[in-house]
Amino acid sequence: MILLTIFFAWFWCESQKELANNINKEEVNRYKIKVIFWAILAFLPMFLINALMKNVGTDYGNYYVYYQRIVSGNEQEVEITYKLICLLVNKLGLEFQWVYVIYSLMSYGLLSLCLKKYSKNYAVSYLMFFLNGYFATLGLHQIRQFTAVMLVFWGFSYIKSHEFLKYLVCVLLATTFHFTAIIMLPFYWILGKKWKSTAFIMAAVILLPFNLFYTEIMTWLFATFLPRYLNTNYTTRGFGVSALFLGLILLPLLISILYEKMCEEEHTIFKNCMYFSSILVLFGSWLPEYKRFVYYFFIPSIVYIPTLLESDKNKCRKRIFYVILLGFYAVYFMKTFNEWSIAPYRSVLN
């Protein structure tokens with residue numbers, strides 16, 4: 001799947017460059033068709049694997065139970081869009097599997113649009129998305145948050161263009177898919193600014209005191225906003241940062257720092273995201289499900305790092321960084337694959 005995706009994505013990217021450099025108006029339509037053709041082929045492998053999966057991972061069974069309760073008219077605590085999609089699928093006389101088809105269509109469609117909008121190397125972006133585990137954790141497990149993350153990712157461009165209402169719509173819509181997206185609302189005023197390193201140090205210092213009042217804070221938050229989690233282990237503090245995951249987060253930050261002089265003003269948002277994702281991992285891993293919050297800040301790395309490296313005119317240095325980055329990502333993938341509970345893969349076609 002990933003080999004096909006990389007192959008098609010490379011042709012898609014090259015076709016996009018040809019279209020951008022084409023000055024012959026008579027051939028524009030032919031180039032556009034070529035771009036769309038390769039874009040669809042790059043979209044299909046991940047989409048099909050995700051949309052056709054059956055009883056893979058831990059969340060599939062839960063989503064099926066949610067679906068049964070919702071279409072039966074019973075109360076189920078879950079975001080409104082999941083309820084609406086379930087009701088739509090049932091109303092159309094379709095089976096539960098179509099819930100996954102719809103979510104995959106939205107998520108991977110948005111991912112393709114974000115790559116086209118932000119990345120300079122679609123093949124590497126897809127490969128990073130796959131090797132850093134997002135295809136497994138978001139795509140094959142957390143389908144609601146996958147869509148939410150992609151909506152926020154798309155909305156980052158409105159920070160640069162100072163279109164608050166459009167960004168607000170993206171975040172609020174994302175929140176209807178997964179409640180965690182609401183935390184990204186105040187970052188409209190944070191991510192677009194050029195911060196000194198002392199500001200990030202202060203952010204880290206602010207997170208530290210929460211350790212002293214962790215139980216009280218978590219109990220109040222869950223009692224107020226998510227009472228169904230109040231008596232679960234979510235209120236129990238834990239530290240879950242492995243050396244591999246730490247490297248996964250810090251390596252893109254290191255490349256970002258080394259290439260800071262090449263960082264254009266339009267990349268300020270993504271550079272800030274690299275810092276915030278690192279701060280969360282280093283100083284906020286005690287938060288329950290902290291990786292769910294890291295998603296929103298770390299997802300830009302799949303377009304930001306390839307864009308920085310592609311801007312490097314020193315081909316030898318660029319290739320060295322690609323080898324280091326993707327080599328480490330491959331090691332991370334192989335070492336953590338068994339933790340994602342996605343094997344053996346099964347589909348509705350079996």
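Buried here means under 20% relative accessible area, exposed means over 50%, and partly exposed lies in between (1.4 Å probe, protein chains only). Helices (H or I, at least four residues) and strands (E, at least two) are DSSP runs, numbered from the N terminus. By these terms helix H6 (residues 122-131) is largely enclosed by the rest of the structure, because ten of its ten residues are buried.

This is a predicted model, in which local features need pLDDT of at least 70 and side-chain atom pairs count only at pLDDT 80 or more, while totals for chains, interfaces and linings use all residues. Residues are numbered from 1 along each chain as its sequence is written, and side-chain values use heavy atoms, with hydrogens and water left out.

## Overall make-up

The secondary structure of the protein consists of 16 helices and zero strands. Of its 350 residues, 49% count as buried. Contact means heavy atoms within 4.5 Å. Among contacts with a separation of 6 or more, 73% are between residues 24 or more positions apart. The accessible surface of the protein is about 17,600 Å², and 65% of that belongs to carbon and sulfur atoms. Accessible areas come from the Shrake-Rupley method with a 1.4 Å probe; for residues, only the protein chains shown count as cover.

## Interior

Just after H6, Gly133 has a positive phi of about 90°.

A nonpolar core is a set of buried Ala, Val, Leu, Ile, Met, Phe, Trp, Tyr and Cys residues joined through side-chain atoms within 4.5 Å. The largest such core has 113 residues, of which Tyr82, Phe129, Phe156, Met184 and Leu191 touch the most other members. Helix H8 gives the largest share of this core, eleven residues. Leaving aside neighbours within four places in sequence, Met184 is in contact with Val152, Phe156, Tyr167, Val171, Leu191, Tyr296 and Phe297.

Ser277 is found in helix H13 (residues 268-283). Ser277 counts as buried because its relative accessibility is 0%. With neighbours within four places in sequence left aside, its contacts are Ile249, Val294, Phe297 and Phe298.

## Salt bridges

Side chains of opposite charge can pair when their charged atoms come close. A salt bridge is a side-chain nitrogen of Lys or Arg within 4 Å of a carboxyl oxygen of Asp or Glu.

Lys17 and Glu14 both lie in helix H1 (residues 2-21), three residues apart, about one turn of the helix. Lys17 counts as partly exposed because its relative accessibility is 37%, and Glu14 is partly exposed at 28% relative accessibility.

Lys34 is partly exposed at 32% relative accessibility, as is Glu18 at 34%.

## Cysteines

A disulfide is a covalent bond between the sulfur atoms of two cysteines. Here the term is applied to a pair of cysteine sulfur atoms within 2.5 Å, and the structure holds zero disulfides. The cysteine sulfur closest to that of Cys114 is in Cys170, 9.2 Å away, so the distance is too far for a bond. Cys114 is buried at 0% relative accessibility, whereas Cys316 counts as exposed at 53%.

## A surface patch

Patches are made of residues with over 30% relative accessible area and no salt bridge, with like charges joined within 9 Å and nonpolar side chains (Val, Leu, Ile, Met, Phe, Trp, Tyr) within 5 Å. Leu88, Leu92, Leu94 and Trp98 form a nonpolar patch on the surface, with about 380 Å² of accessible area together. Leu88 lies in helix H4 and counts as partly exposed because its relative accessibility is 45%.
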